[in-house]
Amino acid sequence: MKLALPSFQLAGIPVRIHWTFLLLVGWVALSTSAAGVGTVGVLANVALLVAVFVCVVLHELGHALAARRYGIETRDITLLPIGGVARLERLPRRPVEELVVALAGPAVNVVIVLALLPLTGWTTAFASLLEPLAFDVSLVRRLAAINVIMVAFNMLPAFPLDGGRVLRALLATRLSYTRATDAAAVVGKLAAVGFAVLGLLVLGNPLLALVGLFVYFAASQEARQVRVRERLRDLDVGDAMATRFEVVSPDTPLETIAHAYVAGGQADFPVVLEGSLQGVLREADLVDWMCGRTPGETAGDLARSTDTLLHDRRPLVEVLDRFAATKTATLPVVRNGLLVGLLTRSAVERVLAADGWGRTPSNTGSV
Ligand SMILES: [Zn+2]
């Protein structure tokens with residue numbers, strides 16, 4: 001996103017603020033000034049908005065740090081006008097871990113409420129949320145009230161809200177992961193329909209209906225993703241790797257490789273010397289060279305050493321997480337130290353698209 005505001009790091013995690021967030025600040029400033037609360041009132045409302053989003057970032061940081069305990073890093077935290085998103089490298093699959101990671105976010109808001117309450121005379125003043133804001137202690141009261149609402153909303157048992165993950169984790173202690181997800185998704189969809197009915201017919205609030213629509217699709221998507229991943233669980237890297245590919249040697253001229261690149265479908269070229277893998281010549285580097293942006297004569301000049309070697313008997317699902325986490329498009333696959341294949345994004349996508357083809361049906365009893 002070219003228009004992203006400057007990002008900063010929290011606990012080593014990049015925090016990005018989406019530019020549309022500025023629109024929200026502008027909208028709050030304009031709408032409150034139209035309500036006639038004066039400059040101080042406008043500033044107070046903008047300050048409240050910023051404070052709320054600080055709480056949202058802390059909520060996401062709660063998820064991220066809990067995930068880190070289980071060795072799952074967070075790629076980034078993005079702040080959107082509708083809330084925050086922490087992009088974890090992968091979701092924890094063990095129910096206990098998912099439960100802890102899901103609860104860590106709302107737990108942060110609970111701590112914030114407990115910290116604010118002594119400052120508010122132990123009232124959260126939900127009623128004050130509906131009045132125009134003046135710059136006084138009601139700011140802190142409102143912040144406390146909003147944090148209570150954040151906990152309540154996030155704990156609703158609907159994907160992608162934290163409560164949906166809590167529900168799935170609890171169900172997964174009794175059911176298979178797929179069934180737990182399906183059941184949690186059904187509850188999520190019912191909740192979504194509930195939002196929409198409540199929003200449109202009872203409260204006359206189209207925003208709530210929109211939230212319902214969002215939750216409905218998120219629940220369906222989560223269930224579908226899990227089903228695909230679970231079906232892939234019995235596949236190895238060897239089932240998805242490309243076995244027809246060209247290798248080059250360190251002294252192959254880049255000119256020759258460029259011709260092969262233009263003529264064929266191969267993007268990255270393994271560089272092999274006397275049977276042993278020296279590195280990979282990556283597409284981006286080759287294209288840079290072809291455009292005259294990088295000097296070099298032979299493959300050896302541009303090859304990058306690769307620390308990630310996959311074994312062909314490794315479960316494919318583990319590698320999917322790695323693909324999602326890195327920008328790497330090609331990972332070399334070895335067996336007994338010899339290069340036997342290339343796992344590429346497109347190869348993985350082909351296997352995903354042709355799921356079920358060429359394999360004996362499993363006898364898990366699914367229909
Ligand atoms: Zn959360």
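Strand β7 (residues 310-311) runs parallel to strand β8 (residues 330-335), and two bridges join them. Two strands count as paired if DSSP finds at least two bridges between them. Residues carry numbers from 1 along each chain as its sequence is written. The model is predicted, so local features need pLDDT of at least 70 and side-chain atom pairs count only at pLDDT 80 or more, while totals for chains, interfaces and linings use all residues.

Start at H311. Its bridge partner in β8 is V334. V334 in turn has L339 as its bridge partner in β9. Strand β9 (residues 338-344) pairs with β8 in the antiparallel sense, over six bridges. The two strands form a hairpin with two residues between them. There, N336 takes a positive phi near 50 degrees.

Strands of a sheet pair through backbone hydrogen bonds, in either a parallel or an antiparallel sense.

Now turn to the four-stranded sheet. It is open, its order is β1-β2-β3-β4, and its pairing is mixed. β1 (8-10) and β4 (83-88) stand at the edges. Each has a single partner strand, so one side of each lacks a neighbour in the sheet. From one strand to the next, the twist averages 25 degrees. Here axes are lines fitted to C-alpha atoms, for helices over the stretch in contact, and angles between N-to-C directions run from 0 to 180 degrees.

Q9 stands opposite P14 in β2.
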